[in-house]
Amino acid sequence: MTSEIQLAGFGGQGILFAGKVLAYCGMYSGREVSWLPSYGPEMRGGTCNCSVILSDDKIGSPVVQNPSVLIAMNQPSFAKFISDVVSGGTVLADSSLIDVQTDRTDITVYSVPATDMAKESGLTGGANIILLGKLIKETGFISMEDIEGALRKIIPPKKAQLIENNMKAIQLGYDY
Amino acid sequence: MANNKTERVLMKGNEALAEAAIRCGCQCYFGYPITPQSEIAAYMSKHMPKEGRVFLQAESEIAAINMVYGAAASGVRAMTSSSSPGVSLKSEGISYLAGSDLPCLIVNVMRGGPGLGGIQPAQSDYYLATKAGGHGDFSMLVFAPSSVQEMADYAVKAFDEADKWRMPAMILTDGLLGQMMEPVTFKDSYSTPIEKPWACVGHDNKREHNIINSLYLKPQELEDSNIARYKRYELIKEQLPEAETFMTEDADIIVTGYGACARISRNAVIAARAEGIKAGLIRPITLWPFPNKVYREAANTAKAFLDVELSMGQMVDDVRLATECTRPVKFYGRTGGIIPTPNDIFEQIKALAKEVL
């Protein structure tokens, strides 16, 4: 089984970080993984996206053309990538920033006002992780344990408070 | 970063290469920033001083390669890294290293060209790496990894072989492999550098002094040195060629590509098989020496070859030479930083199958 995930939004929203969390989850659950960022003259506020593949088999191209999961965190990314999603695929959209409308009926779109939820809970900047919480609930291809383990690996012990905040954000998304 | 020695860690290709270089005893890194290889320099700047080794950001690429020359002459493992335009600048120094029979590692994380080109992945420096690394009669060892694990493994291999054969080695890779992250495992221990009695480390009046030089003003001496070097090349061509094959045994269509293109082509080969086209893949790992034998053998049974590159067609020449033009070799390439999809390559396979099957 192979999951191809596209994450896209503005630079500074934690797109690459959220992708990294997913890649770590895959790795710690024993799967093959690849993570490929868009790179270039990008900066805070510019567009940013990354491709993550989790697979039981060897991964060929690390470039995701047709994602089975799209996590969109701004309007241009939603508009640009929604048509690429495979039939039967899943879209998670930050509806605080996106007017979530599409003609496609062959995909499942979840609107989560992640940016507002993060702000209200004192977790500003955690919208990306809230969306991962929703992803866990709706797709089940990664588990709560995997993601907690991944966060513990990525975040150094001296910043333990960040682990707590991230887990809070995961839970918020999961319960939405 | 990678503390536990057998643990899988998630790293960028550039970082994995740098970590492996440190682990196999690279004493000196000299570089100059350029996208998409800058993570190598960044990683080295962070970790080399901690190990008591040398990290130096030179004033230019030219300065960096000449610093490598100096460090290599003293017998230590030394390296530099850059991306395409920066490697052009290093050409002169590479030729001097080859002419002086000095081992070192040069990493080229290719981006689009010519000129300043772009910063997205490309493979348009194949000629530069395998045919024209600089002026004069010489070759360097060229390795083309195709995963983050191989970025690490072949950095070590490149150092080992460079030392063994006393010549520069290049890792020829691209922005895709440099920037992507995959799990990688490092070994407990790597080969330690070999004795280098030729190194200039001071003779204490106990032996003849060593001379490292590429200048031979007497024609016969220069020719003799060239002939000796080319004799060594003949041995290397026998011993070193390396390639990976995938489903080639019964293949009618052989797809071939290195680095990033090999990964993408693998998906295409699987897709072709699923539609009943007998496709296979040859992935050269050493680009110099080129693994001619694998191609020659495949040409006995295959009906046609499809060479895929992120260039306008460079390695395709070597594929045609290796197969001695006994089979049609079709070329498919993209440039400018555009990465073909597995489906693009699958379409090429289908079209070729229609022609020859």
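Q: Which residues touch the most other members of the largest nonpolar core?
A: They are A:Ile71, B:Leu17, B:Val68, B:Leu105, B:Ala155, B:Val255 and B:Ile349, in a core of 171 residues. A nonpolar core here is a set of buried Ala, Val, Leu, Ile, Met, Phe, Trp, Tyr and Cys residues joined through C-beta atoms within 7 Å. Helix H6 (residues 148-165) of chain B gives the most to this core, ten residues; helices (H or I, at least four residues) and strands (E, at least two) are DSSP runs, numbered from the N terminus.

Before going on, a word on the source: this is a predicted model, where local features need pLDDT of at least 70 and side-chain atom pairs count only at pLDDT 80 or more, while totals for chains, interfaces and linings use all residues. Residues are numbered from 1 along each chain as its sequence is written, and chains are lettered from A and ligands numbered from 1 in the order in which they are written.

Q: What makes this core lie between domain 1 and domain 2 of chain B?
A: Domain 1 (7-205 + 212-239) and domain 2 (244-356) both give residues to the core, so it lies between them. The bounds come from an automatic or database domain assignment.

Q: Why is B:Asp101 called buried?
A: A residue is buried if 20 or more other C-beta atoms, placed from the backbone, lie within 10 Å of its own, exposed if 12 or fewer, and partly exposed in between. B:Asp101 has 20 such neighbours, so it counts as buried. Its phi is near 55 degrees, a positive value in a residue other than glycine.

Q: B:Asn205 has a positive phi too, but what makes it buried or exposed?
A: Its count is 6 C-beta neighbours inside 10 Å, so B:Asn205 is exposed. Its phi is about 60 degrees.

Q: How do you know whether the radius of gyration of chain B agrees with a compact globule?
A: The radius is taken over C-alpha atoms, and the globule rule is 2.2 Å times the number of residues to the power 0.38. For 357 residues the rule gives a value near 21 Å, and chain B has 21 Å, so the two agree.

Q: Which peptide bond is called cis, with omega near 0 degrees?
A: That is the bond from B:Trp288 to B:Pro289. B:Pro289 sits in the loop between strand S12 (286-288) and helix H10 (292-301) of chain B. Another cis bond joins B:Thr35 and B:Pro36, with omega about 5 degrees.
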